[in-house]
Amino acid sequence: MSGRGIRGKVAVAGIGETTYYKHGQSPDAEFALALQAILRACEDAGIKPQEVDGFASYSNDRSDPSRIAAALGIPDLRFSNMQWGGGGGGVAAAVANGAAAVAAGYADCVVVFRALAQGQFRRFGEAAPDPTVSGDAAYMAPYGVMSPAQKYGMRATRFMHDYGVDRGVLRAIAMASYQHAQSNPRAVMYGRPLDAETYDASRWIVEPVNRLFDCCQENDGAAALLLVSAERARDLRQTPAYLLGAAQGSDHRCGAPVMNASNFGSSSFATVAPRLYEMAGVSPGDIDVVQSYENFTTGVMMAVVEHGFCAPDEANEFFTLENLTAPAGRMPLNTSGGNLAECYMHGLGLQLEAVRQIRGQSCNQVPNAKLAINIAGPMVTPVSSLIMGSEETLS
Amino acid sequence: MTVDSYLPAGMPAPVPSGDGLDAAYWEGTRRGELMVQRCGGCGTWQWGPEWLCHQCQSFHIQWQKIAGNGLIYSWERPWHPVHPALREMGPYTVVLVEMPLAGNIRMLGNLLGPPDQEVPIGAAVEAVFEPHDDADTPYTLVQWRLSS
């Protein structure tokens with residue numbers, strides 16, 4: 001194995017999140033939410049906030065690291081990093097960037113965070129109010145293609161056509177998230193189960209791929225996780241979740257304008273996933289639990305396929321509620337309830353859940369989970385994913 | 001040929017990008033012509049517009065008129081309106097069209113016809129022009145209809 005990889009060098013030592021709210025319902029300002037989540041991650045790890053010396057985020061988070069450092073009284077800010085790209089494709093990359101800073105010695109204690117108060121700013125699911133559009137949007141918005149559900153539905157339609165994927169796959173993914181949320185008091189959809197009839201009767205958002213329950217929520221809140229060196233993590237109060245591998249990017253001309261990506265019917269992971277497994281030194285069959293970002297259930301399906309958990313023409317048999325639910329499913333998926341039913345914290349909540357699984361602290365614990373994969377923001381570019389493991393996976 | 005507007009008034013209006021990259025496309029639609037990029041060096045077709053050829057990196061990019069014949073590559077039908085102009089519209093159909101006569105580049109537009117029509121992937125479609133002459137900056141969209 002190459003010495004350049006991240007495997008075993010950095011660990012998640014702390015996690016924290018605010019109360020998760022429906023969009024527009026946070027009583028606190030977005031920046032205050034960010035601070036709360038960061039302080040809780042520090043407390044979870046047993047690290048003083050002034051010891052934090054780096055920040056990494058993604059998707060143009062509005063909470064500026066210099067302002068955070070000033071607010072927290074951090075004496076020496078050593079690392080500030082923003083992952084390019086919109087959507088949630090950058091969440092695993094933000095963790096990877098923070099970990100790279102720790103491994104390289106740029107910083108010792110990096111917080112990865114995301115704060116969103118969509119009630120205080122524009123909602124993701126609404127069109128921009130601009131009367132004119134130019135660039136790529138000029139070829140889409142005048143035809144009514146403006147929201148993420150509309151921009152990415154076209155990719156999913158093609159994938160499902162190519163491989164004969166049934167809508168039952170999407171229903172199983174949605175129901176797994178909702179089922180898991182029923183044992184998670186943090187979840188916005190806690191106490192609000194979803195049955196098959198309700199799913200099937202839900203309205204179309206974008207036919208033929210996205211019914212209402214196929215789409216993520218829009219929420220207010222914040223989440224944070226804290227990265228330190230593996231050596232330091234072993235001396236802290238929580239069981240370390242080690243980073244084994246991480247990868248980001250996308251394949252040939254994925255970002256070509258007007259939907260001209262070469263590999264169009266795809267979640268953008270075709271070249272990223274093999275690099276991830278190579279660095280981590282594990283295979284899909286070794287993974288105990290999967291957290292896969294739900295912008296839309298179609299994206300989950302394509303991303304899980306492109307990470308090698310099943311062949312595309314086996315999806316109809318593989319994606320069943322039984323297979324996808326903890327503790328006994330073949331591939332427990334989104335065990336916190338994920339973006340669909342816990343909270344849409346732009347996917348960072350799923351990273352926290354992977355850490356809980358490695359620690360043995362999940363509300364839907366997979367027995368003896370040692371390896372967890374995190375797949376971020378499918379269908380955008382760049383996308384990213386990472387693998388975390390317990391101490392015993394390092395030997 | 002030209003058609004009346006498929007979507008309601010008040011949708012975002014396209015304007016050529018300020019750097020001039022795609023002016024030739026938008027000027028072409030006003031004439032009822034479909035103009036796309038082709039590399040003057042290696043002949044590679046390219047869409048959307050870019051400053052250089054993605055195949056050979058030549059900046060000698062030319063604009064070429066193409067016939068509006070394509071095949072439906074993918075489709076979707078938004079039901080949930082995300083723009084005020086669409087609130088009373090109901091579902092509308094969007095197609096991604098592959099252009100076999102131009103290196104299989106893809107173009108996007110609405111599929112004319114009833115909102116509950118079947119949309120067969122692979123079906124032949126042809127481009128029709130939808131002028132918006134009354135806009136502050138007049139423009140023309142390119143729509144698609146199933147070939148007869």
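Student: How do I read the span of helix 13 of chain A, residues 348-359?

Tutor: Helices (H or I, at least four residues) and strands (E, at least two) are DSSP runs, numbered from the N terminus. The expected span of a helix is 1.5 Å times one less than its number of residues. Helix 13 of chain A has 12 residues and covers 17 Å from its first C-alpha to its last, close to the expected 16 Å. After helix 13 comes A:Gly360, with a positive phi near 80°. Bear in mind that this is a predicted model, where local features need pLDDT of at least 70, side-chain atom pairs count only at pLDDT 80 or more, and totals for chains, interfaces and linings use all residues. Residues are numbered from 1 along each chain as its sequence is written, while chains are lettered from A and ligands numbered from 1 in the order in which they are written.

Student: Which residues have the most contacts inside the largest nonpolar core?

Tutor: A nonpolar core is a set of buried Ala, Val, Leu, Ile, Met, Phe, Trp, Tyr and Cys residues joined through C-beta atoms within 7 Å. The largest has 134 residues, and A:Leu226 and A:Met388 have the most contacts inside it. Helix 3 (residues 91-104) of chain A gives the most to this core, 10 residues. A contact means C-beta atoms, placed from the backbone, within 7 Å. Beyond its neighbours within four places in sequence, A:Met388 touches A:Ala354, A:Val355 and A:Ile358, among others.

Student: What does the radius of gyration say about chain A?

Tutor: It's taken over C-alpha atoms, and the globule rule is 2.2 Å times the number of residues to the power 0.38. Chain A, with 13 helices and 13 strands, has a radius of 19 Å, close to the 21 Å from the rule for 395 residues, so it is as compact as a globular protein of that length. Its C-alpha trace spans about 50 × 50 × 45 Å along the principal axes.

Student: How many residues does each chain bring to the contact?

Tutor: Chain B brings 35 residues and chain A brings 38. Strand 7 of chain A (residues 204-207) pairs with strand 5 of chain B in the antiparallel sense over two bridges; pairing requires at least two DSSP bridges. There, A:Glu207 stands opposite B:Arg77.

Terms used: Two residues are in contact if their C-beta atoms, placed from the backbone, lie within 7 Å. A residue is buried if 20 or more other C-beta atoms lie within 10 Å of its own, exposed if 12 or fewer, and partly exposed in between; C-beta atoms are placed from the backbone.
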